[in-house]
Amino acid sequence: MATKKIRLRHSLPVGRQASTPPLRHSVKADLPPVYEPKAVEDRIYAAWEQSGFFSPDNLPGERKEPFTIMMPPPNATGTLHIGHAMFLTIEDIMTRFERLRGKAALWLPGTDHASIATSTKMEKILATEGKTKYDLGRGKFIERVNEFVAGSRGTIRKQIRKMGSSCDWSREAYTFDEQRSLVVREIFTRMFKDGLIYRGNRIVNWCPRCESTLADDEVEYKTEQGKLYFLKYGPFVVATTRPETKLGDTAVAVHPDDQRYKSWIGKNFTVDFGSGPLEIKVISDPEVDMSFGTGMVGVTPAHSQVDYAMAEKNLLMVKKVIGEDGKMTKLAGPYAGMPVVEARAKLVADLQAKGLIEKIEDHTHNVSICYRCATPVEPLTSRQWFVDVNKTVPGLGKSLKQASVEAVKSGKIKIIPERFEKVYFNWMNNLRDWCISRQIWFGHRIPVWYCQSCYVEENEPERAGTGAKESREHTGIIVSVETPTTCPTCGRRKDLTELVQDEDTLDTWFSSGTWTFSTLGWPAPTLDLKRFHPTSVLETGYDILFFWIARMILMTEYALHEIPFKKVYLHGLVRDEQGRKMSKSLGNIIDPLDVAEKYGTDAVRLSLVIGNSPGNDLKMSEEKIAYFRNFANKLWNISRFILMSAGATPRPTKRPKAMTLADRWILGRLDEVIKSVTADLDSMNYSRPGETLRDFTWNELADWYLEIAKIEGNKAEILLFLLENILKLWHPFMPFVTEEIYRLAFAAGVQDFLMIGNWPKASGKADKSADKEFGLVRDLVTAVRNIRATYKVEPGKRVEATMYCGAKKAVVSAQAAIIAGLGKIGQLDIAAKGQKPEKSAGQVVGGVQIFIPLGSLVDLDAEKKRLAEELAQAEKYLASLESKLANESFVARAPAAVVATEREKMAVQKDKIAKLRSQIEQLG
Ligand SMILES: [Zn+2]
Ligand SMILES: [Zn+2]
């Protein structure tokens with residue numbers, strides 16, 4: 001038997017790592033032993049900002065293809081929370097990746113004035129001073145808000161920088177700055193001239209606390225335990241949760257097929273609930289649920305969206321019994337002036353006294369509440385400004401609703417994850433005319449003036465669906481981008497009394513809906529618009545799909561006749577480790593800036609991305625961030641080792657030549673990693689590439705290749721090449737640590753940044769045979785390590801081993817040094833085949849038989865003694881289990897699960913005993 005013997009005991013370069021040469025190549029400074037984010041981040045960010053490369057205008061190279069992303073503007077009054085940190089991270093990854101790929105990357109930052117949220121906040125502040133907004137008056141109130149916003153916008157800018165965001169500050173926008181205000185007035189004016197904006201008396205959602213209208217999607221619902229009142233209603237009985245609104249009833253509705261009421265349809269009758277006789281018409285509507293209550297519902301056109309729609313179809317009378325102040329109106333007779341809750345109690349008591357209440361049942365129902373202040377919303381009719389979503393837009397040939405649906409249906413806009421497309425269509429199809437006027441002081445003032453000499457306000461319509469739409473044909477309404485000086489109808493000149501501007505402001509989404517193009521210079525035909533619009537992707541939370549995304553599609557279709565973005569990427573919400581929402585009351589809030597300060601921004605970014613998938617909520621904990629802090633440090637240490645061992649070797653300009661199997665394998669793996677990370681980032685998957693890179697860096701590079709490098713030596717070029725590539729691949733995820741290493745190791749000058757480097761390219765064919773052969777080497781080493789672990793061999797002790805390799809002899813022989821080095825094998829005998837050595841532990845891996853003489857693993861006598869003791873223990877325990885289970889009364893009385901557990905324990909012991917016996921037998 002020809003056995004190749006390799007004597008390695010004295011020839012292995014074991015001490016190599018200890019004798020690394022001093023660092024002398026292009027590295028400008030030694031990497032300190034520990035990565036200190038605090039000492040690095042602000043300095044690196046300042047250097048990036050100063051370089052000008054956040055702006056696409058300053059990037060090197062031609063960069064014909066744009067990549068544009070508009071930052072969802074955080075509310076100007078807020079501070080950043082963990083949700084902001086998540087979107088900043090994802091958007092920064094997108095931007096840095098595309099910038100590295102050679103695109104003209106523009107990520108445009110900004111803030112939102114968020115009228116209603118900001119006003120609510122200011123009112124709260126005033127309340128602490130014992131004041132209301134009325135004490136200040138409109139002018140002073142807005143002054144206070146602007147002051148406050150100026151301060152908090154500064155804070156937000158700092159926080160965005162802290163997260164490492166590579167956004168173009170030179171193009172920063174604010175939804176309430178001069179340029180954006182001009183855009184809002186321009187769009188309003190154009191829409192009005194196109195007949196798409198009108199003023200009318202229609203039903204709206206009213207928040208009595210905010211004293212303003214709300215959009216349909218600004219209304220939230222909460223379930224409440226209430227009562228269902230069965231009222232004697234003329235000849236019928238009608239069930240209602242809100243008896244006080246019945247004073248405004250003008251009809252009752254039944255299902256057309258309901259035999260109980262069929263003969264009544266179309267007839268009238270009179271009822272009186274105490275506010276005077278009410279003329280009630282019986283109408284039919286297929287929407288009525290025959291099985292709910294008595295199958296008949298009272299119709300209150302002025303105070304229910306559903307009823308108003310029925311009233312429009314049937315031209316019913318409208319009777320507004322609740323006012324904007326949340327109190328009953330004079331039409332409520334003796335209840336006039338009472339807040340609704342009080343009126344309800346009084347009315348119910350009165351009706352009970354009159355015997356008009358048949359019964360009262362407990363009832364769980366949905367109450368609509370204001371999304372800002374949680375006050376119950378009152379639907380009521382009010383004179384407001386609306387955008388007509390069903391009218392054909394001149395020049396577009398379809399309505400805003402149709403255009404918005406088609407933009408997604410045609411595939412021009414892709415929503416990720418796709419399931420939200422259905423949600424979008426459903427919402428769009430149910431879209432009603434959009435009420436855009438708000439009674440909030442802080443916001444874009446409606447650019448409408450009323451001429452005091454010729455404008456006559458339309459009367460409130462008596463019947464639903466008959467109200468006039470005050471629009472461009474109406475005299476004395478002046479809609480203008482600039483403040484008008486004369487009335488075009490009567491020629492009066494503007495002075496303090498003649499032309500009066502509308503008091504209301506615009507829905508905040510009316511301005512943020514223009515975000516993708518108002519930020520690029522519209523309405524002027526700017527180069528920016530031409531170059532960067534439509535934008536590439538809009539990244540935001542799924543919770544503002546309608547508020548904002550739908551509005552942007554609608555507004556952009558109108559203004560530019562094009563889509564605002566090609567893709568919508570919706571992220572989930574950040575929750576705690578138990579899956580709960582983060583809230584002050586639960587005390588589980590993670591402040592992104594605190595943890596960034598503590599663990600470094602890169603660690604926070606990784607923890608927000610790895611394990612995150614679009615549209616799904618992400619669980620977050622401080623432990624997770626700490627883990628990634630260690631990881632950033634690991635990358636630092638790997639780099640440090642590579643740079644030190646590379647010595648004076650110059651930075652490789654191309655892919656170095658592979659000299660050994662391990663080289664072929666690692667370079668092939670790098671290619672695979674480049675391909676998979678690029679493909680994942682390209683398809684907007686951000687978690688998987690992070691995982692791929694982590695496995696490559698930590699396992700394949702650090703645990704295997706670096707160890708092999710210590711054995712094989714002479715790898716400086718490949719190591720530097722690997723380092724530069726992984727720094728680039730990691731850069732979008734961990735911009736700070738990667739840039740710092742790059743600056744210290746490779747940078748050719750002050751303007752040489754990793755952030756503008758070239759994205760790595762895989763260099764050709766996959767090396768399948770290297771993967772396979774190296775796989776065998778890894779398996780053999782792992783097997784030897786496992787055997788060593790079984791016998792608890794000390795880490796430093798060298799063992800002997802014999803490997804029978806069959807056809808794989810050549811491969812194994814060629815890699816003997818690595819196998820021996822990593823497996824800590826002092827003497828390795830390799831042959832095609834042979835006899836199983838006496839007294840040895842063995843394993844078969846990939847067709848190779850591995851034998852390790854037990855004598856080289858352990859002291860045989862001591863081990864025999866140890867195993868014998870362990871066996872005796874195991875047998876004793878087994879006997880006790882057996883006697884327990886032989887006890888009939890135990891088996892009969894103990895719960896089945898307990899008995900099953902005992903039987904399992906018995907099986908485990910029997911297995912252990914068999915193994916110990918065979919180990920003892922092997923020792924002979
Ligand atoms: Zn409110
Ligand atoms: Zn006039």
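Me: Buried or exposed, which does C487 count as?
Reply: First, the ground rules: this is a predicted model in which local features need pLDDT of at least 70 and side-chain atom pairs count only at pLDDT 80 or more, while totals for chains, interfaces and linings use all residues. Residues are numbered from 1 along each chain as its sequence is written, chains are lettered from A and ligands numbered from 1 in the order in which they are written, and side-chain values use heavy atoms, leaving out hydrogens and water. Buried means under 20% relative accessible area, exposed over 50% and partly exposed in between (1.4 Å probe, protein chains only). At 2% relative accessibility, C487 therefore counts as buried.

Me: And what about C490, how does that one count?
Reply: C487 sits at 2%. C490 comes out at 36% relative accessibility, so C490 counts as partly exposed.

Me: Which atoms are the protein donors of the zinc ion (ligand 2)?
Reply: Donors are N, O and S atoms within 2.8 Å of the metal (3.2 Å for Na, K and Ca), and since water is not among the atoms, sites may look incomplete. The protein donors here lie 2.2 to 2.3 Å from the zinc ion (ligand 2). Along the chain they follow the spacing C-x2-C-x32-C-x2-C. They are the SG atoms of C451, C454, C487 and C490.

Me: What geometry does the site of the zinc ion (ligand 2) have?
Reply: Four donors count as tetrahedral if all angles lie between 85 and 135 degrees; four count as square planar and six as octahedral if opposite donors are over 155 degrees apart and all others between 65 and 115; anything else is irregular. The ideal angle for four tetrahedral donors is 109.5 degrees. With 4 donor atoms and angles of 103 to 121°, the site is tetrahedral.

Me: What angles are found among the donor atoms of the zinc ion (ligand 1)?
Reply: Its protein donors are the SG atoms of C207, C210, C370 and C373, lying 2.2 to 2.4 Å away, with the spacing C-x2-C-x159-C-x2-C. This site is tetrahedral too, with angles of 102 to 114°.

Me: What is the relative accessible area of C373?
Reply: Among the donors of the zinc ion (ligand 1), C370 is buried, with a relative accessible area of 1%. C373 is partly exposed, with a value of 21%.

Me: Which strand gives the largest share of the lining of the second largest pocket?
Reply: On a 1 Å grid over the protein atoms alone, a pocket is an open set with protein on both sides within 12 Å along at least five of seven lines, a cavity is a set of points where a 1.4 Å probe fits but cannot get out, and lining residues have an atom within 4 Å of a point. Of its 47 lining residues, the closest to the centre are T241, R242, S304, H365 and N366. Helices (H or I, at least four residues) and strands (E, at least two) are DSSP runs numbered from the N terminus, and the largest share, 8 residues, comes from strand 8.

Me: Which residue is 4.9 Å from H363, C-alpha to C-alpha?
Reply: H363 is in strand 14 and is buried at 18%. Contact means heavy atoms within 4.5 Å, and beyond four places in sequence H363 touches E224, Q225, G226, K227, L228, T241 and F292. The residue at 4.9 Å, 136 residues apart in sequence, is K227.

Me: How much space lies in the largest cavity?
Reply: A search of the whole structure finds 1 cavity of 30 Å³ or more. Its lining includes S115, E218, R438 and D507, and helix 3 (115-128) and strand 22 (505-506) each supply at least two lining residues. The space comes to about 60 Å³.

Me: Which residues touch the most other members of the largest nonpolar core?
Reply: A nonpolar core is a set of buried Ala, Val, Leu, Ile, Met, Phe, Trp, Tyr and Cys residues joined through side-chain atoms within 4.5 Å. The largest has 150 residues, and apart from it lies another core of 72, among them Y371 and F425. The contacts of L857 include I787, Y791 and V793. Touching the most other members are L722, M803 and L857.

Key:
Points joined across faces, edges and corners; volume = space filled by probe spheres on them.
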